[in-house]
Every structure is written in structure tokens, then in C-alpha cells.
Amino acid sequence: MSGMDFFGAQTRARRNSRWLVLWFALAVCAIILIIHLGVVLLIGPQTAFTAMGVMTVTHPGVVPAHVPRMTPFWSAFFDWERLGWTALLVGGVIAVASLWKIVQISRKGGAFIAFELGGRLVARETSLAEERRLLNVVDEMSIAAGIPVPQVFVLDEEKGMNAFAAGMTPSDSVIAVTRGLLERCDRDRLQGVIGHEIGHIVSGDSRLNLRLIGVLHGILALTLIGRILLRIRDGGKERAVVFLLGLLLVLVGSIGVFFGKIIKAAISREREYLADAFSVQFTRNPDGLAGALRLMGGFGTRIEHPRAEEASHLFFGDGSRRIPLLARLFATHPPMEKRISRIENIPLAQVQKSAKSAAGVTGAASSAVMGEVDLLGLDLSGPAQIAYAQGFLASLPAESGWDAHRPGGALAVIYALLFSEAPEIRQKQLAILTERHGAAMAENVRDCAAWLTAHGARSRLPLLDLAIPALAALSAPDKQVCMQCANALIRADGRLSPSELALAHILKSALGLPRARHVLRTEKLAADISCLLALLAKAGNPDDAAARAAYQHAMERAPFGGDTPFPESGALKAEAIDAALDRIAQAVPRFRQRFLAACVAAVRHDGKITVAESELLRAFAQSLDCPAPPLLPDEDK
């Protein structure tokens with residue numbers, strides 16, 4: 001298997017989403033017809049067709065001679081008015097329940113699912129060695145992959161070995177592991193599992209997985225309503241009808257859930273292979289992932305929580321108990337032996353017959369899924385990125401007032417990233433901070449800025465990745481204050497640099513501030529691409545001729561490229577940049593892929609990548625929910 005193609009994975013996810021909608025619509029139609037049939041059997045009046053329509057037959061034996069005789073059952077079944085009401089009520093219940101669940105998940109992100117499954121948020125100050133190791137592995141893998149560091153949860157009551165990732169976007173994603181996995185995996189195996197989960201976040205699988213939960217919840221709602229009706233005790237003669245209607249809803253809801261499980265399994269299985277490939281390609285350590293799978297084969301992956309079935313497709317391994325005859329039909333994951341066979345590049349029969357113990361596995365020298373990780377058009381060396389992330393994390397102070405994992409410390413980091421190098425401008429910025437946040441915050445920002453100066457500009461984006469998740473804990477008013485203060489710091493010197501523009505856009509996205517929706521027009525998208533590529537070209541090339549050459553080189557690879565003239569400086573304003581990115585974010589994955597490929601061409605045109613270019617590239621990529629790995633220190637020669 002070749003390297004992981006991020007936008008190819010997104011395209012597959014969109015295609016799977018369309019299939020999900022189609023199968024869901026068919027399932028809902030079938031449910032409506034079955035419930036309509038049940039209502040006809042229970043309470044439907046006897047009817048017959050007339051030449052002018054439908055008439056109610058109160059005495060079946062007395063039917064006018066001119067009326068074509070039909071069985072009363074079929075007459076009632078083809079009562080379109082009743083069928084319409086049934087469709088409206090049943091379809092409405094399913095749609096409202098699904099939308100309610102999807103809205104809940106969208107607002108609260110992956111943490112909503114983690115808490116629902118009994119997860120506990122791992123505190124950054126934890127003293128448990130295995131939890132500190134887990135946090136460290138998640139931090140380094142996230143920074144290496146170029147995504148904000150997810151929140152980390154542990155399912156303390158689960159003894160089986162399993163894990164999952166969930167989130168609508170990389171910024172609100174979480175990673176959760178069971179207590180059984182945390183206690184039994186060494187660092188290499190844990191890294192393999194976390195790499196797999198990061199792969200789901202990077203490829204957009206986690207968003208599709210959460211939508212799947214929301215969609216299937218609507219069908220499950222029918223079963224819940226049926227159970228409520230079955231508990232009704234009063235009602236006289238109507239009690240039997242209510243009881244039978246409740247029984248019908250439970251039965252139909254169960255049938256819907258049955259087909260929902262098939263849909264869920266069909267969509268999920270292939271994505272597990274892709275996430276395995278990402279883990280192996282990025283860590284270059286197939287033994288770690290294969291060793292974790294072998295351990296799971298021995299200790300089991302069962303999740304005991306009552307809601308585990310609803311989220312079974314999220315997990316690293318199949319966490320549900322299944323009837324053997326239906327296990328293959330409902331399986332949301334490929335068999336572990338097949339996954340190990342692909343990872344270790346050995347025949348399936350050899351895996352099945354292997355008598356090696358899980359504790360002493362040594363994998364094959366090469367893996368069938370080994371290759372380059374293709375993120376943002378950059379073929380990256382995973383181990384080098386991970387080593388860089390490890391070194392960066394080791395350089396952070398053990399204790400400081402700007403701990404990026406806490407909301408207050410994250411604010412200090414954001415403000416420090418906006419600090420000017422000019423002493424007179426810094427004094428203005430410190431005054432702004434003291435006025436809005438107090439002297440303690442101003443001092444923490446000063447300390448963080450000094451650390452950044454000492455460790456080089458390459459530490460800016462990794463530090464930003466650590467800070468972004470903590471910003472989500474801020475209240476809505478605090479988020480507004482943060483954005484206002486950041487804008488004031490940016491305006492302190494009376495100009496807007498590319499780095500400031502990039503950080504402002506990333507901050508707006510991280511704070512969850514509303515993104516405008518725009519009507520997509522070809523001519524507008526062409527102007528947007530021209531504007532953004534010109535900004536990148538100017539950021540890396542102070543010389544006007546060099547900037548125009550980089551721009552033209554990029555436009556040859558861009559959608560709507562060609563001889564588009566270099567835009568005037570007046571067009572490169574913050575509002576125009578934000579609007580352009582918002583419009584491009586609505587385009588299809590392949591269009592966004594070509595745009596980002598053109599961006600990479602612009603920054604690489606002169607053979608080096610500056611910090612300003614890398615930060616703009618990150619801002620563009622984050623707007624499109626694309627990972628952007630940190631650039632290594634020797635890449636800007």
C-alpha cells in the first residue's frame with residue numbers, strides 16, 4: 001500500500017457519507033411501510049375503492065354493485081392520506097432524534113461520546129506513571145502529525161484492551177483508552193495504537209463515525225418510544241391497542257437497528273486498514289501495532305458499558321459481544337489476523353498458525369503498508385517528526401505560569417506568539433495585557449515570549465498545538481475577550497504581518513467563533529486562490545520579482561490557474577483572507593487538495609521554507625481541516 005493520501009481519504013469519507021444517507025433513507029422508508037402495515041392491522045377501518053376514490057365500508061356485506069370489490073385490508077393499506085400521516089409522524093420522530101443527537105455531538109465534540117461511555121478526563125498533573133506516559137505519547141504523535149493535541153480519556157471500568165478517537169474536527173477531537181490497554185501495553189505498542197487513532201482524526205473518519213452515531217440514534221428512538229408505550233397500564237379497551245402499537249415499534253425499531261448495524265459495519269471495516277497504514281507509515285514500527293493486536297487477541301477487546309454497541313464502530317478493536325452466526329455480518333472491524341498479516345507482510349495462514357507469545361513478538365523486517373505519509377503534499381519522515389516532537393516536549397519547563405495545557409496558560413501562549421520583537425511595541429502590548437488581564441498574565445506572557453526567543457521560531461507551531469485544546473474550556477465571554485485582546489496586540493504596531501494574520505485566523509477557528517457561509521462561484525474562487533497564493537509568495541520573498549515568480553509557479557498548479565495577474569497589495573487584507581478561506585473550505589476535497597498543493601509549490605519555490613510561510617500554510621490547512629506537520633529545524637537553510 002502506498003502512502004496515506006489525506007484528501008483521498010476525505011473523498012472516500014464523503015462517498016461513504018452519501019452511501020450512509022442512501023441506506024438510511026431506504027431503511028426509514030421500510031420502517032414507515034412496516035409501521036403503516038401494523039397500524040392497518042391494528043386499527044385500520046375496512047375500506048373499498050370507488051370510481052371516485054376511497055369509501056369507508058362500515059358493513060362489508062352491503063357494498064354497492066357498481067363498486068369493484070377489494071379486500072378491506074388492501075383498501076386500508078393504500079389509504080394514501082393515512083400513509084402520509086404515518087410517514088410524517090414516524091419520519092419526523094426519526095429525523096428529530098437524529099438531528100438532536102448530531103447537534104449535541106457537534107456542540108460538545110468528541111468529549112460528549114467519551115463521557116457517555118464512562119470516560120474520565122486525564123488530568124495533566126496526574127501522578128500515575130502509565131497516564132503520564134499516555135499523555136506524552138498523545139502529545140508527541142499529535143505535534144508530529146500537525147494537529148491540535150486531543151483531550152485524553154481513560155475508561156477506568158473497562159478491562160478489555162481497546163481505544164477510540166472521536167471528534168467533528170481535529171480541534172475538538174479526543175482519544176480514549178481502556179484501563180486494560182493502558183496497563184498491558186508498553187510504550188511501543190501504545191504508540192502504535194495512538195498512531196492508529198490519530199490516523200482516524202487526520203483522515204476525517206472520526207467525523208463520519210460521530211454522524212453515524214447520530215443517524216442510527218433516530219432509528220433507536222422508535223424502540224425507546226415503544227418501550228414507553230409498553231409500560232402504560234391505564235386506558236381500558238385502548239390498552240391492548242397501545243400495547244400492540246408499542247410492541248410494533250419495539251419490533252420495527254429492532255429491525256431498523258439490525259440493518260443499521262449492517263450499514264455501520266460495511267462503512268467501518270475498510271477504514272480500519274487505512275488507520276493501521278497511517279500508524280505504521282508514521283511510526284515506522286510495525287512491531288508496535290502488530291504486538292498490540294496480538295495482545296488484544298489474547299486478552300480480548302470487549303467493552304462492557306451499556307452504550308458500547310452504539311459506538312462499536314469507533315473502537316480500535318471490535319468491542320461488542322456477537323452471536324457467532326452473525327459475527328461476520330455485524331463485524332465493524334476486519335479480523336485481527338488479517339490486520340496483522342497486512343502489517344507484518346506475512347501470509348494469513350502463518351499468522352493463524354503462529355504460536356508466538358504476545359509478549360515476545362518480533363515483526364517482519366518490512367510491512368506491506370510501509371510508505372510515506374502524504375500530508376499537505378509533503379512526503380514526511382514520520383520518525384523524524386516524532387523525534388522532533390519528543391525533543392520539543394522535553395524542552396518545556398516543568399513548571400511555569402504559561403502551562404499550555406491549562407486555559408490561563410494557553411492564553412499566555414497565544415499572546416506571547418503575538419508579541420513584537422521591537423521593545424517599544426512590546427511595552428504597548430504589555431500595557432494592553434495588564435489592562436485587560438492583570439499584571440500576573442502580563443508577566444506570564446513575558447516569560448513565555450522569552451522562552452520562545454531562546455528556543456527559536458520553529459517552536460511556535462508545536463506550542464500552539466499544545467495550547468489550542470485548552471482554549472475550548474473558556475467561557476463564551478472569555479473567548480470574546482481573548483479574541484479582542486489578540487486583535488489589540490496585533491494592532492499595537494499599526495501593521496499586519498503574515499504571521500499575525502495566520503495566528504489570528506487559527507485563533508478564531510480554535511475559539512469556535514462562527515464561520516461565514518458563502519455562495520460558491522467559480523469567478524470568486526479564482527480570485528480567492530489568486531489572493532491567498534500571492535500572500536504566501538510575498539511572505540517568503542521580500543523581493544517583488546521573486547514573489548511574482550513564486551506566485552506564477554504556484555498558479556500553474558492551482559485550480560483556475562494560468563495567467564491570472566498578481567493581485568494588488570490592497571486586496572491582501574485580513575477580512576478578504578478570512579472570507580477567501582471560508583469559501584475554499586466549502587469546496588470538494590479534490591479542489592482543496594489542488595489548492596494546498598499550489599500553496600506548497602509557492603513556499604518551496606526558492607528552496608527554503610520560512611517561519612512566516614509555515615505559519616500561513618498551517619492557517620490555510622487548519623481552515624480546511626487538514627493536518628500540517630511542523631517543519632524541522634534544518635528545513636529553512
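**Close-up views of a predicted model**

View 1. The buried set in helix 19 comprises Lys479, Cys482, Met483, Cys485, Ala486, Ala488, Leu489 and Ile490. Helix 19 is 16 residues long. Its first and last C-alpha atoms lie 23 Å apart, close to the 22 Å expected at 1.5 Å a residue.

**View 2. Helix 19 against helix 20.** The axes of these two helices are 11 Å apart, and the packing angle is about 175°. An angle over 145 degrees counts as roughly antiparallel, so helix 19 is roughly antiparallel to helix 20. Helix 19 contributes Cys482, Met483, Ala486 and Ile490 to the contact. Helix 20 contributes Glu500, Ala504, Leu507 and Lys508. Sorted by class, the contact holds six nonpolar residues, two charged residues and no polar ones.

View 3. Is alanine 492 buried or exposed? Its relative accessibility is 13%. The cut-off for buried is under 20%, so alanine 492 counts as buried. Setting aside residues up to four places away in sequence, alanine 492 touches Ile425, Lys428, Gln429 and Ile432. Lysine 428 is 64 residues away in sequence, yet the C-alpha to C-alpha distance between lysine 428 and alanine 492 is 6.6 Å.

View 4. Strand 4 (residues 151–155) and strand 6 run parallel and are joined by five bridges. Within this pairing, phenylalanine 153 has alanine 176 of strand 6 as its bridge partner. Strand 5 and strand 6 (residues 174–178) run antiparallel, with four bridges between them. Here alanine 163 stands opposite valine 177 of strand 6.

**View 5. Two covered faces on strand 5.** In a regular strand, side chains alternate between the two faces of the sheet. Strand 5 (residues 163–166) has Ala163 and Ala165 on one side. Phe164 and Ala166 are on the other. All four are buried, and both faces of the strand are covered.

View 6. How many of the 17 residues of helix 5 are buried? Twelve are, and the helix is mostly covered. Among them are Leu134, Leu135, Val137, Val138, Met141 and Ile143. The buried set also includes the charged residues Glu131, Asp139 and Glu140. Just after the helix, glycine 146 takes a positive phi of about 80°.

**View 7. Arginine 284, between two helices.** This arginine sits in the loop between helix 9 (238–283) and helix 10 (286–299). Most residues other than glycine have a negative phi. Arginine 284 has a positive phi, near 55°. Its relative accessible area is 27%, and arginine 284 is partly exposed.

Technical notes. Residues are numbered from 1 along each chain as its sequence is written. This is a predicted model: local features need pLDDT of at least 70, side-chain atom pairs count only at pLDDT 80 or more; totals for chains, interfaces and linings use all residues. Side-chain values use heavy atoms; hydrogens and water are left out. Buried means under 20% relative accessible area, exposed over 50%, partly exposed in between (1.4 Å probe, protein chains only). Two strands pair if DSSP finds at least two bridges between them. Contact means heavy atoms within 4.5 Å. Axes are lines fitted to C-alpha atoms, for helices over the stretch in contact, and angles run from 0 to 180 degrees between N-to-C directions. Angles under 35 degrees count as roughly parallel, over 145 as roughly antiparallel, 65 to 115 as roughly perpendicular and the rest as oblique. The expected span of a helix is 1.5 Å times one less than its number of residues.
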